[in-house]
Amino acid sequence: MGCVADETPPIPAPPASDHGSSPEGGSKPPRRGLLVRGASAAGARTGKVVHGTGRRIRRATSAEGAGESGLAKLIELHALNSFGDMLITIALASTVFFSVPTGEARGRVALYLLVTMAPFALLAPVIGPLLDRMPHGRRSAMAMSMLARAVLAWTMAGPVISGSLTLYPAALGVLVASKAYGVVRSVVVPRLQPPGLSLVKANSRVTLAGLMAGMVAAGVGGLLHLLGPAWPLRGAFLVFVAGTLMAFHLPHQVDSAKGEERAVLHTTEHTPRKARLRSVGPSVLLALRAVASLRALVGFLVMFLAFLLRSDPVAGLQPTVAIGVVAACAGAGNAIGSALGSWLRTRRSEAIVATALLLATAAAVAAALWYGLLTVALVAATAGAAASLGKLALDALIQRDVPEAVRTSAFARSETLLQLSWVAGGGLGITLPLDGSLGLGVAAGLLTVSLLWTLWSLVRLGGSRPGPAARPRSVS
């Protein structure tokens with residue numbers, strides 16, 4: 001009797017092929033090997049591109065002493081912040097704005113403003129003084145802002161699908177955390193300013209990094225939304241977790257508050273002498289009022305044009321196309337204003353602020369008189385450029401006129417006021433009737449009042465002159 005092995009028929013060898021040798025020969029088919037080698041080469045090339053891109057980004061953020069001072073780390077952190085905020089904005093817009101008819105969407109956005117913006121309007125005046133009292137915890141404050149938004153983004157992933165009202169309290173938390181981060185960031189920049197770089201240029205570089213990250217995030221968020229409305233929020237969760245860790249890698253001087261005091265944003269003849277020494281000065285107040293008007297205009301245009309173009313798109317365009325064109329113009333204007341800020345001359349900052357307000361007023365008047373795609377795009381671009389340029393000019397004035405001991409407090413309080421101005425402008429935009437000429441006419445009228453006030457204050461100043469910074473630095 002033969003063994004089992006003898007009874008088993010032999011396994012036939014694979015037929016010869018022109019594409020390669022048999023497995024017994026010990027070699028893999030060339031086709032498969034070619035695919036493996038191709039995938040490996042593609043992966044290597046992708047890795048080189050990513051590594052090279054990262055190296056170029058790091059080189060750009062670290063230029064002109066920013067790497068040694070620690071500003072580069074803040075630039076990268078702000079880019080992450082803008083990326084995450086944009087992902088949350090896309091998720092909320094898809095649920096609150098685009099997913100329902102225009103009339104219902106306007107009511108839901110009005111509810112969103114009421115539930116989120118109104119409490120923030122009450123909280124905003126508290127943020128500046130609160131941060132004044134915790135100067136040694138700025139890194140922790142930025143990290144907590146990131147962590148809070150990470151948790152809230154994950155929490156909103158469920159309600160954003162169902163449209164539950166629980167979405168709104170979470171959105172309020174995101175808004176407050178985002179604005180608190182903005183206030184702390186404005187305070188941190190002077191602490192990380194490289195010796196050879198002006199504060200205006202430092203702020204400009206931080207702002208540009210945020211704009212570029214936001215544009216990239218808009219594309220990524222759109223792709224994630226194709227997977228489902230909750231996916232942009234899950235992406236934001238990961239981004240903010242990374243930001244939480246990155247915040248603690250900022251240099252230790254961020255938490256230094258040696259010699260700092262709280263700023264006074266106004267003075268009168270009855271103000272005590274010690275408080276007057278902590279005043280920001282008339283030039284800063286002039287610029288602060290003007291830039292607050294420009295920031296309110298931006299908030300107004302965001303809310304008003306979003307609904308106006310959706311219900312009555314200009315030039316016969318599709319609503320999404322019209323909104324996209326205007327948004328692109330606003331983003332381009334913002335980038336142009338940030339780039340122009342690098343060439344600001346601090347001695348002419350008052351005139352730059354007044355000019356920015358004048359251009360924005362003229363664009364709003366033109367859009368109200370000749371409402372159309374061209375004028376709407378013009379006012380969006382001008383508002384973005386003017387607000388960005390005006391903010392950088394305001395930063396220059398704070399650097400020039402405010403004593404060093406109260407400079408960080410002045411940044412915190414001015415940023416809080418500007419954030420509140422955006423809220424007020426957005427609230428006005430959601431309440432006005434959807435009539436292009438009427439709405440833009442109201443905006444133009446309010447800007448005209450602010451412009452006249454600014455020009456009158458500029459005449460009273462009699463040109464640029466030394467402010468409180470010329471006084472002795474010791475204000476104790």
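Predicted model: local features only at pLDDT ≥ 70, side-chain atom pairs only at ≥ 80, totals over all residues.
**Group meeting: helix α15 and its neighbours**

Let me begin with a pair of helices: the axes of helix α12, residues 282–311, and helix α15, residues 373–401, come within 9 Å of each other and cross at roughly 150°. Axes here are lines fitted to C-alpha atoms, for helices over the stretch in contact, and the angles run from 0 to 180 degrees between N-to-C directions. Helices are DSSP runs of H or I with at least four residues, strands are runs of E with at least two, and both are numbered from the N terminus.

Residues are numbered from 1 along each chain as its sequence is written, and side-chain values use heavy atoms, with hydrogens and water left out.

Back to the pair. At that crossing angle, α12 and α15 are therefore roughly antiparallel to each other; the term applies to angles over 145 degrees, whereas angles under 35 count as roughly parallel, 65 to 115 as roughly perpendicular, and the rest as oblique. The crossing of α12 past α15 is left-handed, meaning that the near helix is turned anticlockwise from the far one by less than a right angle, with clockwise giving a right-handed crossing. The contact of α12 with α15 is made up of 18 nonpolar, two polar and four charged residues, where Ala, Val, Leu, Ile, Met, Phe, Trp, Tyr, Cys and Pro count as nonpolar, Asp, Glu, Lys and Arg as charged, and the others, Gly among them, as polar.

Which way does α13 run relative to α15, parallel or antiparallel? The axes of α13, residues 319–341, and α15 come within 7 Å and cross at roughly 30°, and the two helices are therefore roughly parallel to each other. This crossing is right-handed. On the α13 side the contact includes Val325, Cys329, Gly333 and Gly337, and on the α15 side the residues include Ala377, Ala381, Gly384 and Ser388, contact meaning heavy atoms within 4.5 Å. By class, the contact of α13 with α15 has 13 nonpolar and seven polar residues, and no charged ones.

The crossing of α9 and α15 is right-handed. Leu199, Val200, Asn203 and Ser204 of α9 meet Leu392, Asp395, Ala396 and Gln399 of α15, and by class these are four nonpolar, three polar and one charged.

Turning to the protein as a whole, its secondary structure comes to 17 helices and zero strands. Buried residues make up 48% of its 476 residues, where buried means under 20% relative accessible area, exposed over 50%, and partly exposed in between, with a 1.4 Å probe and protein chains only. Among contacts with a separation of 6 or more, 84% are between residues 24 or more positions apart.

The largest nonpolar core holds 97 residues, of which Leu71, Leu74, Ile88 and Met142 touch the most other members; α12 gives the most to this core, with 14 residues. Such a core is a set of buried Ala, Val, Leu, Ile, Met, Phe, Trp, Tyr and Cys residues joined through side-chain atoms within 4.5 Å. Leaving aside residues up to four places away in sequence, Leu74 touches Met142, Arg185, Val188, Val189, Leu192 and Leu250.

I will finish with some individual residues. Methionine 246 lies in helix α10, residues 231–247, and is partly exposed, with a relative accessible area of 25%. The C-alpha atoms of methionine 246 and glutamate 76 are separated by 8.7 Å, although the two residues are 170 apart along the chain. Beyond residues up to four places away in sequence, methionine 246 touches Lys73, Glu76, Leu77 and Leu80.

Alanine 335, in helix α13, is likewise partly exposed, with a relative accessible area of 25%, and touches Leu208 and Leu211 when residues up to four places away in sequence are not counted.

And is tryptophan 422 buried or exposed? Tryptophan 422 sits in helix α16, residues 404–431, and is buried, with a relative accessible area of 17%; its C-alpha atom is separated by 7.5 Å from that of phenylalanine 300, 122 residues apart along the chain.
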